[in-house]
Amino acid sequence: MAVVVVTDSSASLPADLVSELGIGVVPLHVLVGDRAVREGVDDLDVDYGSDTVTTSAPSPGELRAAYESALARSEGDGVVAVHLSRQLSGTWEAGRQAVRDMDASDRVRLVDSLGAGLATGLPVLAAARRACTGAALDVVYDAAVAAAARARTFILVNRTEQLRRGGRLSSAASFFGSELVTKPLLQIVGGKLELREKVRTRSKAYAKLIAAAVDAAGEDGAAVAVQHLGAPDAADTLAAQLRELVPGVDEVITAEFGPALAVHLGVGAVGVLVLPGGC
């Protein structure tokens, strides 16, 4: 390939797609006490509800090593690196520093996915599939940017305490009231995580989640992803319903949230990620 696509482990892409498309993946870090664990690389046994567990971005040095490795694999044009929203993580900024240190801005293009999880992964797939056709750097980069702009994310969580503690939830959270009697439905807008609406019961929350995804998908086909943490049955049910309800759905991916996102979302979280027009 003339272009190699790189992302971070928050993208949550299935291993078979990563291997098939030659995608480079840089691990995020989960900090358990004084121990740093690389997501997807090191063994991790963590209590996601613990206030001693946090996360951190890869260092500029780690990202530089990944970009240089990808450049060595590319056959000419360079690298497109698609990372989770700069509003939610320091990964994109660390990537920018890595590119500066390399003096390679003409050959390494950074893309802010404006999302997280498979809302990053779907733009990665769009870019990598163009790269596999032999597309030039500008074409692969434009495919990632366009997909990031189209992608929509909706997340249902049991509680927002972990998001508040990690500073990932916008000021809209102040309007939640008592979470004991509501189920918060969140969305990512402009790279920021915010409240979409409050729902009284989990069954109604799932209905709202599906309705939001179907509306976002539009009428012209879409790729859809469902992610969860400790809720595989709910994820499978959502995926089946979305296959039936989204017009012209061309792909449905299911995956667990990786540890770096799970720390902030908590057990029971379910997300639906939609890319109108597909990958």
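## Strand pairing in the open sheet

In this predicted model, Val 3 stands opposite Gly 78 of strand β6. The two strands involved are β1 (residues 3-8) and β6 (residues 78-83), which pair in the parallel sense over 5 bridges. Strands of a sheet pair through backbone hydrogen bonds, in either the parallel or the antiparallel sense.

Strands β1 and β6 belong to an open sheet of 4 strands, ordered β2-β1-β6-β7 with parallel pairing. At the edges are β2 (24-26) and β7 (108-112), each of which pairs on one side only. From one strand to the next, the twist averages 20 degrees.

## Helices across the sheet

Two helices are described here relative to these strands. Helix α4 lies across β1 and β6 and runs at about 170 degrees to β1. Helix α5 (residues 137-150) lies across β1, β6 and β7, and its direction is at about 10 degrees to β7.

Side chains of opposite charge can pair when their charged atoms come close. The model has 6 salt bridges by the rule applied. One of them joins Arg 129 and Glu 251, with the closest N and O atoms 2.9 Å apart. This pair links distant parts of the chain: Arg 129 is in helix α4 (residues 118-132), whereas Glu 251 is in strand β12 (residues 249-256), 122 residues apart.

Are the two partners buried or exposed? Arg 129 has a relative accessibility of 26% and therefore counts as partly exposed. Glu 251, at 19%, counts as buried, because the buried class covers values under 20%.

Lys 208 forms a salt bridge with Glu 197, the closest N and O atoms being 3.5 Å apart. Lys 208 lies in helix α7 (residues 202-217) and Glu 197 in strand β10 (residues 192-199), so the contact ties together parts that are 11 residues apart in sequence. Both residues are partly exposed: Lys 208 has a relative accessible area of 38%, and Glu 197 has a relative accessibility of 23%.

Glu 93 and Arg 96 meet through their side chains in a salt bridge, at 2.9 Å from N to O. Both lie in helix α3 (residues 91-102); because they are 3 residues apart there, about one helical turn separates them. Glu 93 is partly exposed at 34% relative accessibility, and Arg 96 is also partly exposed, with a relative accessible area of 32%.

Methods: Residues are numbered from 1 along each chain as its sequence is written. This is a predicted model: local features need pLDDT of at least 70, side-chain atom pairs count only at pLDDT 80 or more; totals for chains, interfaces and linings use all residues. Side-chain values use heavy atoms; hydrogens and water are left out. A salt bridge is a side-chain nitrogen of Lys or Arg within 4 Å of a carboxyl oxygen of Asp or Glu. Buried means under 20% relative accessible area, exposed over 50%, partly exposed in between (1.4 Å probe, protein chains only). Two strands pair if DSSP finds at least two bridges between them. Axes are lines fitted to C-alpha atoms, for helices over the stretch in contact, and angles run from 0 to 180 degrees between N-to-C directions. Contact means heavy atoms within 4.5 Å.
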